[in-house]
Amino acid sequence: KLLNKCKSDGYWEALRIFQLGYTQSEQGHSLKGAINTKSAAKIFEKSNDRDSKAFYAIYAYYMNNALSWLPFVNDNSNTYLQALTQGAKNSKWFWPLFTTSLIWMHYDREEYDKGLQLANSALKRVPNHPVFLQIKADMLYRLKDFKQAATIYEASVKNYLERTGKSLEQIERGTAPRIKQDNNFSIAPMLEKSMAKIDWNEKTSTEIKNLVRGLDPIMGTYS
């Protein structure tokens, strides 16, 4: 709702629309999400600054891959990787986003050594950052350096426990603090087969969609 209400212009408006499209896609509104993401990408495509080119490269790379099986579509993935590489190296504000996107693109291409190089470069800029440490461990694991990967994984768990006040240890020991729930809640009824029947006449499209999604994979809907 906030993304729909707020408005900006130029570069920041494109970012708003891009984020709106992503959010809509995550909420199951695939068509709306795709339309908004594409319109934002068009704004980025027309801009000449480095960050805009990198943002567009993320969209264009995955679109290129999705359509690469068609005989008349040119493979421009390396061009998009180059634009994203420039963004990862030089962007002041968005280099972490560009770097992580670039790493996972190389990961999908099974270029784990390149992913590791990018993770190491990021860690020089933000030493001991938990996200990039985890990514580094993932790349090392894929490169079969299991010992070093395990060392980082174990250190990540220890660091997480320190940052979260040892909450996992408290849960495991049964000593986690308990907060009494108030009475402002409803009790979900036991599921019955009759609840899974789709009423095409009385239910709205949204209610039908939610019913189908809520009962997938168990117990499934019918009509």
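E111 is buried, with a relative accessible area of 19%, where buried means under 20% relative accessible area, exposed over 50% and partly exposed in between (1.4 Å probe, protein chains only). The side chain of E111 meets that of R109 in a salt bridge, at 3.4 Å from N to O. This is a predicted model, in which local features need pLDDT of at least 70 and side-chain atom pairs count only at pLDDT 80 or more, while totals for chains, interfaces and linings use all residues. Residues are numbered from 1 along each chain as its sequence is written, and side-chain values use heavy atoms, with hydrogens and water left out.

**Salt bridge**

- The structure holds one salt bridge, a term for a side-chain nitrogen of Lys or Arg within 4 Å of a carboxyl oxygen of Asp or Glu.
- R109, the partner of E111 in this bridge, counts as partly exposed at 30% relative accessibility.

**Nonpolar core**

- A nonpolar core is a set of buried Ala, Val, Leu, Ile, Met, Phe, Trp, Tyr and Cys residues joined through side-chain atoms within 4.5 Å.
- The largest such core has 38 residues, and those with the most contacts inside it are F44, Y56, L84, F98, I103 and F132.
- Two or more residues of this core come from each of α2 (10-26), α3 (30-46), α4 (50-67), α5, α6, α7, α8 (130-142) and α9 (146-163); helices (H or I, at least four residues) and strands (E, at least two) are DSSP runs, numbered from the N terminus.
- Helix α4 gives the largest share of this core, eight residues.
- F98 touches D51, A54, F55, I58, L84, G87, A88 and S91, not counting residues up to four places away in sequence; contact means heavy atoms within 4.5 Å.

**Largest pocket**

- On a 1 Å grid over the protein atoms alone, a cavity is a set of points where a 1.4 Å probe fits but cannot get out, and a pocket is an open set with protein on both sides within 12 Å along at least five of seven lines; lining residues have an atom within 4 Å of a point.
- The largest pocket has a volume of about 240 Å³, a volume being the space filled by probe spheres set on the points, which are joined across faces, edges and corners.
- Its lining has 17 residues, of which T85, K89, L102, H106 and L118 are the closest to the centre.
- α5 (77-90), α6 (95-108) and α7 (112-125) each supply at least two lining residues, and the largest share, six residues, comes from α5.
- The lining divides into six nonpolar, six polar and five charged residues; Ala, Val, Leu, Ile, Met, Phe, Trp, Tyr, Cys and Pro count as nonpolar, Asp, Glu, Lys and Arg as charged, and the others, Gly among them, as polar.

- R16 has its place in helix α2 and is buried, with a relative accessible area of 9%.
- Apart from neighbours within four places in sequence, R16 is in contact with L3, N4, C6 and K7.
- N64 lies in helix α4 and is buried, with a relative accessible area of 8%.
- Not counting residues up to four places away in sequence, N64 touches N74, D75, N76, S77 and Y80.
- The C-alpha atoms of N64 and T23 are separated by 22 Å, and these residues are 41 apart along the chain.

**Positive phi in loops**

- N128, found in the loop between α7 and α8, has a positive phi of about 65° although it is not a glycine.
- N128 counts as exposed, at 60% relative accessibility.
- K144, in the loop between α8 and α9, is a residue other than glycine with a positive phi near 65°.
- K144 counts as exposed, at 63% relative accessibility.
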